[in-house]
Amino acid sequence: MNPLYDNIKWVWLDLDDTLYDFQAASLIALGKVHSDLELSRFFRSADEWIDIYHRHNSALWKLYNRAEITKEFLKMERFRRPLVEAGADDATARRLSMQLDPLYLDLLGRAGCTIPGAIELLQSLHSNGFKVGILSNGFTEVQHKKLLSSGIAPYTDCVVLSDEIGINKPDRRLFDYALKKAGTTASASLMIGDNPDTDIAGATAAGWRARLFNPAEDSLYALLP
Ligand SMILES: [Mg+2]
């Protein structure tokens with residue numbers, strides 16, 4: 001048995017870029033909205049649109065994870081800012097942003113892309129008697145779609161989204177809430193995730209074991225029990 005799992009009963013996994021291939025799904029969704037909403041009016045290419053979007057989106061997510069901005073602000077600004085930067089007037093940028101948000105989230109959820117080894121890891125955890133939890137800062141309206149489209153849903157025993165209580169990782173209160181919801185303890189819980197600031201620092205501060213997973217360098221197959 002992999003020593004990572006010694007004395008562990010619950011294995012909690014982050015969703016985006018740990019099990020769900022968010023990068024791949026997002027590229028598909030951003031490319032599709034670029035053509036559907038004719039964003040070539042503002043951007044020289046789909047690549048330029050995607051680059052500018054990513055820059056604004058990453059900066060806004062850092063603020064959101066630190067609870068410095070609201071979800072609604074993030075959802076509007078991550079589209080409005082790239083459009084204004086590309087020359088759209090503010091009213092147009094706001095109108096388009098309101099169209100882009102649901103369209104993008106729907107495509108993102110339905111893409112169904114998984115990180116290699118995700119399903120094998122989940123199957124192996126279950127067959128070895130572990131309970132599997134999802135612990136994610138993503139938005140409720142899209143995370144459940146991702147769980148279903150990717151085939152991850154059947155392997156989850158408990159899903160905890162920060163949206164449920166309005167508190168994000170790394171805030172300890174979300175980790176404590178997850179334990180209560182699942183009926184387990186910190187010492188029996190392991191967190192696996194790709195974000196050192198939210199997944200790993202948060203879990204460690206809450207007294208959980210934690211394992212960083214870098215999707216660019218690591219393999220989920222190395223985490224099989
Ligand atoms: Mg992640």
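Biologist: What makes you say that strand β2 (residues 131-136) and strand β3 (residues 158-161) pair?

Modeller: They are joined in the parallel sense over 4 bridges, and because two strands pair if DSSP finds at least two bridges between them, β2 and β3 qualify as partners. The model is a predicted one, in which local features need pLDDT of at least 70 and side-chain atom pairs count only at pLDDT 80 or more, while totals for chains, interfaces and linings use all residues. Residues are numbered from 1 along each chain as its sequence is written.

Biologist: Which residues of β3 stand opposite Gly 133 and Leu 135?

Modeller: The bridge partner of Gly 133 is Cys 158, and Leu 135 faces Val 160. The strands themselves are DSSP runs of E, at least two residues long, whereas helices are runs of H or I of at least four.

Biologist: Why are β3 and β5 (209-212) called edge strands?

Modeller: The open sheet has 5 strands, paired in parallel, in the order β3-β2-β1-β4-β5. β3 and β5 each have a single partner strand, so one side of each lacks a neighbour in the sheet. Neighbouring strands are turned by 20 degrees against each other on average, direction ignored.

Biologist: What makes the unit of β2, helix α6 (residues 140-149) and β3 right-handed?

Modeller: With the strands pointing away from the viewer, a right-handed crossover is one whose path from the first strand over the helix to the second runs clockwise, and the β-α-β unit of β2, α6 and β3 has that hand.

Biologist: Why are α1 (22-36) and α4 called oblique?

Modeller: The axes of α1 and helix α4 (residues 90-110) cross at roughly 140 degrees and come within 8 Å. Angles under 35 degrees count as roughly parallel, over 145 as roughly antiparallel, 65 to 115 as roughly perpendicular and the rest as oblique, and therefore α1 and α4 are oblique to each other. Residues taking part in the contact include Ala 25, Ile 28 and Val 33 of α1, and Leu 100, Tyr 104 and Leu 107 of α4, a contact being a pair of C-beta atoms, placed from the backbone, within 7 Å.

Biologist: How do you know whether Phe 43 is buried or exposed?

Modeller: Phe 43, in the loop between α1 and α2 (46-65), has 21 C-beta neighbours inside 10 Å and therefore counts as buried, the cut-offs within 10 Å being 20 or more for buried, 12 or fewer for exposed, and partly exposed in between. Leaving out residues up to four places away in sequence, Phe 43 touches Glu 48, Trp 49 and Ala 86.

Conventions. Two residues are in contact if their C-beta atoms, placed from the backbone, lie within 7 Å. Axes are lines fitted to C-alpha atoms, for helices over the stretch in contact, and angles run from 0 to 180 degrees between N-to-C directions.
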